[in-house]
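Good morning, and thank you for making the time.

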Amino acid sequence: MSSPTPAHCAPLHDDHARFQTDPQFGAAERDAVYRAIHTRRDVRGEFLPDPIPDEVLARVLTAAHHAPSVGFMQPWDFIVVRSREVRAKIHADFLAAHAEAEQMFDADKRATYRNLKLEGILESPVNICVTCDRSRHGPVVIGRTHIGAMDVYSAVCAVQNLWLAARAENLGVGWVSILHPPALRAALGIPQEIIPIAYLCIGYVRDFHARPELEAAGWIERMALPALLHFDGWQGAADEAGEGLLDAVRAQPSTLR
Ligand SMILES: Cc1cc2c(cc1C)N(C[C@H](O)[C@H](O)[C@H](O)COP(=O)(O)O)c1[nH]c(=O)[nH]c(=O)c1N2
């Protein structure tokens, strides 16, 4: 199953045109992007074992690689993990970390926490570890001169691109962070100077949940966006323009609230 070069890429690669020749999104394209954003889910328990075709995974990884990055640093690497043996090591570490994590919550929440499905390391056919090379392109990076964590934030942008592209490919992704970093490093042979950013499980799914699973489980609800909007400063109240924006936010479909 080969796919043609996407139309929006062709002019750039063929003529090295300076500007995009077809820059405007139509309504259907816009809606497709929002659909990917709003229907993306963190997938844990719904994975199917079906293999992911190489060309599909290649598109998803290419999307990740086209994320924004500070100073165009592209600090990421992607470790594609298919080996059951390697995944089993990481899963064993998850079980240990998960048991420790349970004890960190208040006693009345422990039983709920214990019963949450929080990973699909063995059920998903592919795991991907996204890393950050903090020294890539040397010590001084445009945009990271005063806020050192910008390289890490850039690697997270790659994760989000991957997650959304995967959704558009009908692939589920689950981020697993209940792991001991030294164990993850050891299982994957990650050098000391490289930071593991995200351990992701990826695969086709039986279903995508309609809502975040933590919300459905009564753990935490989605917060109301108007309560998170500030105007001209943390303490700022909405003026007339602000009220207009708040009304527009409140008019968003109720299914998104
Ligand atoms: C940095 C980071 C780390 C984690 C997560 C996310 C992010 C951004 N999430 C997924 C998280 O629980 C989920 O995104 C929210 O609950 C919202 O649900 P949806 O992603 O909208 O389905 C996550 N989920 C999980 O089951 N185990 C985990 O260890 C983690 N870790």
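This is a predicted model: local features need pLDDT of at least 70, side-chain atom pairs count only at pLDDT 80 or more; totals for chains, interfaces and linings use all residues.

Let me begin with helix H4, residues 84–104, and helix H7, residues 181–188, which pack at an angle of about 170° with their axes 10 Å apart. The axes are lines fitted to C-alpha atoms, for helices over the stretch in contact, and the angles run from 0 to 180 degrees between N-to-C directions. H4 and H7 are therefore roughly antiparallel to each other, on a scale where angles under 35 degrees count as roughly parallel, over 145 as roughly antiparallel, 65 to 115 as roughly perpendicular and the rest as oblique. On the H4 side the contact is made by Val 86, Lys 89, Ile 90 and Asp 93, and on the H7 side by Ala 183, Leu 184 and Ala 187, where contact requires that the C-beta atoms, placed from the backbone, lie within 7 Å. By class, that contact has five nonpolar, no polar and two charged residues, with Ala, Val, Leu, Ile, Met, Phe, Trp, Tyr, Cys and Pro counted as nonpolar, Asp, Glu, Lys and Arg as charged, and the others, Gly among them, as polar.

Residues are numbered from 1 along each chain as its sequence is written. The average pLDDT, the predictor's confidence in each residue from 0 to 100, is 94 for the protein, and 94% of the residues score at least 70.

Now to H6. Helix H3, residues 54–65, packs against helix H6, residues 150–168, at an angle of about 145°, with the axes 7 Å apart. Arg 59, Val 60, Ala 63, Ala 64 and His 65 of H3 meet Ala 158, Asn 161, Leu 162, Ala 165 and Ala 166 of H6, a contact with seven nonpolar, two polar and one charged residues.

Which helix is roughly perpendicular to H6? Helix H2, residues 27–39, packs with H6 at an angle of about 105°, the axes being 9 Å apart, and H2 and H6 are therefore roughly perpendicular to each other. Here Ala 36, Ile 37 and Thr 39 of H2 contact Leu 164, Arg 167 and Ala 168 of H6, giving four nonpolar, one polar and one charged residues.

As for the whole, the secondary structure comes to nine helices and four strands, these being DSSP runs numbered from the N terminus, with helices (H or I) of at least four residues and strands (E) of at least two.

Key:
Two residues are in contact if their C-beta atoms, placed from the backbone, lie within 7 Å.
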